[in-house]
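This report describes selected side-chain contacts and surface features of a predicted model. It treats charged groups and aromatic rings in turn.

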Amino acid sequence: MTPRSRPKIDLDPATVRRARTLARRAGRPIVRLAKQHTTASVERATLRLAGLTGADPDGTPWVNRLVDAARADVGLEHGISLPVWDALVTGQAADLPGLAAAAAAGDVRFRIPAGRDAARAQSASRKQVAAGIRRVDARRRERDRLIARWGDPAHKPWIYLIVATGDIYEDIPQAQAAAREGADIIAVIRSTGQSLIDFVPEGATREGFAGTYATQDNFRLMRAALDESSRQLGRYVRLTNYASGLCMPEIAALAGLERLDMMLNDSMYGILFRDINPVRTFVDQRFSRQVHARAGIIINTGEDNYLTTADAVEAAHTVTVSQLLNEYFAKEAGLEDWQLGLGHAFEIDPAVPDSFRLELAHALLARTLFPKAPLKWMPPTRHMTGDVFRGYLLDGFFNLAGAMTDQDILLVGMMTEAVVTPWLSDRDLALQNVRYVVNAAGRLSEDFVPAPDGFISQRARRVLAESIDLLERILNHENGLLDAIADGTFGLMKRPADAGKGLEGVAKKASGYYNPATVLLEEQ
Amino acid sequence: MSASERSRSPAAQQGVIRPYGDTTGDGMVQLSFTLPMPHGKRAEGAAAQLANKMGIDPALVVHAKPMGPDFTFFVVYGRANHLVDVSAVEILEREYPLLTPKEVNVAVKRALRRRLVVVGGCIGTDAHTVGIDAILNIKGFAGEKGLEYYRELRVVNLGAQLSVPDLVARAKEESADAVLVSQVVTQRNAHILNTLEMSAAFREAYPADQRPVLIIGGPRFEERQAATLGVDRVFTRGTTPGEVASYLVHELITRERATHAAKRGLG
């Protein structure tokens, strides 16, 4: 990335500091809560880092079988590592796969070891999980090497295209074609239901609804295919998937192990839009972000979702608040600025007067607040009507706003949004649209300086002020953000902390809790 | 009215028309498509041949562009030689009047003497709440406020990825008069299968005369599918909250009258 001057809005630095302070105050109790709990998925992710893969004949992953069996004996509150490696060092099985199979058959009695036994189990688990983390480190170095060899895209924004056939073997040629056509980033959309499945399916999959399952094999196959494309094209093509839903920590671990480059990973999306239990989400979030930080993965946050369910003008400040919270949670988990693909979207009703100026104001606000973050700019979906001609124009304006405000990652809009899954020709036309705008106006960001007290600047300042109001309203709740989520302050959905999917997978840590992955990830 | 206009009006009344480019009766249409062959003269000829077979003659291949080595994209303009017989078009005419929110409120109050309860959500794995939100959220759609805006309607929006048993349970708990379900994802006919599961569950859980009005909505349904899907009404693309509210009033008040009539021994 060549450094260049970013367009920006004049914001009062004290106001910006105030916004960040409030976000920190809202986020800090959540971090405390996350540290006090673990989840079934965090523990399964630990086993995955230790190298346990595969599934039983019914397709239930061995990590699930093992965690379920150990939990039935000794609970989850001490973590999975103590009982599992205690069983290994005491000779109940030779290795993790053997132990999982024996446990699934009911042939293992788990216990929480104490004293020297506990120390032995800790040390054995740490050794094995450390090997997995070293693999993640090696994949990160490999990425750095390949980027050095093949190079980053010569242009900004990076062009992000989606494939979603449901069949990994169909996705691969489509992704390679998209890369040839100009995509810098390929995102494989997940099967619709995956976020609510409490296990990660195993193997290469050919059956998905509106997307392809995220599995370790699918990750590996697609990364290998894009490496081949990168070599041919002479630029490193990045791969994106989704670390969200009930298995977020495990998918993050698999992404690190298989060198995925970006992961969708939002702090509150699962709570608000998928009705996943808030505690579960925040615990899983923190762990998955620690893994992403270690793996050098860029996260993409999901602020576009606020605008697809609420009015994009009225709810503009909810995007800013979510970005600030995502930033706080991400940095607390160890992610750096260059890894924060904070999201926002072009979703204002085109019938609203000055809609384009409003879009510019919102986009510039994000650009100014997060000057070092690779912002992700998402195309119109809500006001794509099926009139593909009008949609093509709207996508052109979306691209122009992206160019003028120096966005980093541009998700390419399709004129057939809301009509069909994109055709070959839709993608080609969409890329022509992007190329024309970037070629014609890509450097306009250098000249575009909104009048200090003009409409755009004033609108941006107003959205920031509304964000501060919302953060203050959140903090006025007795239990801050958790209560605000519960009573519908944030988004329109009411999500109490003691309800939602995945709650049964949450456990409060006991005093002797041990997780080598967390220890290792927090050491640096 | 000029002589020429008068002379063509009988045809229009009988309902035989052609596409209109810039002159009445010119039959001009445009289409675009991709053929899996390399760009070149032969490809353009192939595009013209397809257009001819579709009834477009003459066909003008105005744009041909290679998309990679193996595909070519075309834009074709031409004269369609088919006629459209408007009188033979079959549609489902709306059988109820469109009411304003105020009229809906008055009608509900008068007929039910309580608020009408609407429970809605997206079932199955479908996470697209766009449709249900457009109808239910106060924000609404196409300039019309959603059902939450209607004082005499009580709306329970259950959001996305709802299981059918949960939907039935909540409908009972809330004493729903109507259940609205939206389905956007259509891969492998998920929308049809989910809807069949939903309507079967409601038939099982309720006596026939107490079952709430079942409404399904989504861009890929057809209005005439209601009976085969086991629901009372199908709404498709472009439906506004006002249409749904007006339908609810029509349907529930008709039902209410039928029940009263039955109770009085007149039915």
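With a relative accessible area of 48%, Arg32(A) is partly exposed.

## Salt bridges

Over all chains, 46 salt bridges are found in the predicted model. In one of them, the side chains of Asp86(A) and Arg111(A) meet at 2.8 Å, N to O. Asp86(A) is located in helix H4 (residues 81-89) of chain A and Arg111(A) in the loop between helix H5 (96-104) and helix H6 (115-150), so the pair ties together parts that are 25 residues apart in sequence. Asp86(A) is buried at 2% relative accessibility, whereas Arg111(A) is partly exposed at 37%.

A salt bridge also joins Glu142(A) and Arg259(A), whose closest N and O atoms are 2.9 Å apart. This pair links distant parts of the chain, 117 residues apart: Glu142(A) lies in helix H6 of chain A, and Arg259(A) in the loop between helix H9 (248-257) and strand E5 (262-264). Glu142(A) is partly exposed, at 22% relative accessibility, while Arg259(A) is buried, at 2%. Both residues belong to a network of salt bridges that also includes Arg135(A), Arg139(A), Arg143(A), Asp217(A), Arg220(A), Arg223(A), Asp227(A), Glu258(A) and Asp261(A).

A further salt bridge connects Asp354(A) with Arg357(A) at 3.1 Å, N to O. Asp354(A) is partly exposed, with a relative accessibility of 35%, and Arg357(A) is partly exposed at 36%.

## Aromatic contacts

The count of aromatic pairs over all chains is eleven. The ring centres of Trp377(A) and Phe398(A) are 5.4 Å apart and the ring planes stand at 20 degrees, so this pair is stacked. The two residues are 21 residues apart, with Trp377(A) in strand E9 (residues 376-378) and Phe398(A) in helix H15 (residues 388-404) of chain A. Trp377(A) is buried at 1% relative accessibility, and Phe398(A) is buried at 0%.

In chain B, Phe235(B) and Tyr247(B) form an edge-to-face pair, with 5.8 Å from centre to centre and 80 degrees between the planes. Phe235(B) lies in strand E10 (residues 233-235) and Tyr247(B) in helix H8 (residues 241-263), so the contact ties together parts twelve residues apart in sequence. Phe235(B) is buried, at 6% relative accessible area, and Tyr247(B) is buried at 2%.

In chain A, one aromatic cluster is formed by Phe282(A), Tyr328(A) and Phe329(A).

Note on methods: Residues numbered from 1 in each chain as written. Chains lettered and ligands numbered in written order. Predicted model: local features only at pLDDT ≥ 70, side-chain atom pairs only at ≥ 80, totals over all residues. Heavy atoms only, no water. Buried < 20%, exposed > 50% of the residue type's maximum accessible area, 1.4 Å probe, protein only. Phe/Tyr/Trp six-rings, centres within 6.5 Å; stacked < 30°, edge-to-face > 60°. Helix = DSSP H or I, 4+ residues; strand = E, 2+ residues; numbered from the N terminus. Salt bridge = Lys/Arg side-chain N within 4 Å of Asp/Glu carboxyl O.
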